[in-house]
Amino acid sequence: MLSTSIEEARRQSEICNACRYCEGYCSVFPAIHAQRAFSDGDITQFANLCHNCRGCYYACQYTAPHEFDLNLPQALGNVRQQSWQAFAYPKVLANLFHRHAAATVLIFVVSIIAVFGLAQLLRPQGGAGFYAFISHGVMVSVFAPAFVLPLFAVALAVRAQWADAGRTPLRLSDLIAAGRLAANMKNLSGGHGDGCNYEDGDRFSQARRIAHQLTLWGFLLCFASTSAGTIMHYGFALEAPYSFFSAPKLLGVPGGIMLCAGTLWLTILKTKSDPSLGEQGVRGPQFAFLWLLFAVSATGLALYAATGTAYVEPLLTVHLASVLTLFLLLPYTKMAHGFHRFTALTIEAARQRLSAAG
């Protein structure tokens, strides 16, 4: 299936390379126009550079009913999604999530809740805060491998993507250049900075760009909150619970609010978007991922609000199960797109550097 999608994307990319009307729209078109012939790895690279803003589709004179029948957002989207599955490790989990996303998330969450329920038998005596319900040792023994192993799987997938693109030599400057583009999400700003056409072909909007930034920075703040708590615990013997005016709370509460708002906004935008201009057959997995990410942030905020009440124990179990599910499924959900797109941006920065050097 991937080879068929690559052939169709190659046909459309060759027409785009001849036309060149959309040259300034995003990172995809300079990459296309820099070459005369496209290998399979080049097509996958273009697909991962594409952020599916859809501006090129509405500007194109060769869409249906023209005989060329161009739909580059869909063609690249199909390659992108199928390449993520091909790069994923182990593939059985990637295929399972792709085919039964909502059921997979639900089974993981319910199973983990059951495990944490059994862990209550090892409840510590006299623990404070969350540790009064689940011991610190149990949490570390469960979450440490659940964090490290998925990241190892993502590293294998990114390495496969880099090899597929031709093992372009990379430098720190390439990572910095890619980081700038990823941080401000320039590729969602449209060819003229007015936004993209994700919601409506006649309307430019920055909504998707803002919602993505809320989601990205909200997640990073939540991750920073957890990291701060870990450093305080192991580095300074300052154990949870923490007051509001502490690094974990000052980072985590705003991050949770931003993550809730961003994921909810992205869900609404996706319901308004034209499904024929995106990856085919993946709306279910995409919605499942957004719901899971929203659940992580919403239960985290609810847990903080419930401090000192009888609701802490059930909320803690649901929150930890949601977080654990998110990390365990990280290499197979839309979360992986951040790693793959950042890799594509880094490869493209390296190619531009090598081209400028002659």
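This report describes aromatic ring pairs in a predicted model.

Residues are numbered from 1 along each chain as its sequence is written. In this predicted model, local features need pLDDT of at least 70 and side-chain atom pairs count only at pLDDT 80 or more, while totals for chains, interfaces and linings use all residues, and side-chain values use heavy atoms, with hydrogens and water left out.

The structure holds 8 aromatic pairs. Rings of Phe, Tyr and Trp (its six-membered ring) pair if their centres lie within 6.5 Å; planes under 30 degrees apart count as stacked, over 60 as edge-to-face and the rest as tilted.

Phe-147 belongs to helix H8 (residues 136-164) and Phe-223 to helix H10 (residues 207-236), so their pair ties together parts 76 residues apart in sequence. Helices (H or I, at least four residues) are DSSP runs, numbered from the N terminus. Phe-147 is partly exposed, at 32% relative accessible area, and Phe-223 is also partly exposed, at 37%. Buried means under 20% relative accessible area, exposed over 50%, and partly exposed in between (1.4 Å probe, protein chains only). Ring pairs also join Phe-147, Phe-223 and Phe-327 into a cluster.

Phe-287 and Trp-291 both lie in helix H12 (residues 283-305), 4 residues apart, about one turn of the helix. Phe-287 counts as buried, with a relative accessibility of 13%.

Methods. Helix = DSSP H or I, 4+ residues; strand = E, 2+ residues; numbered from the N terminus.
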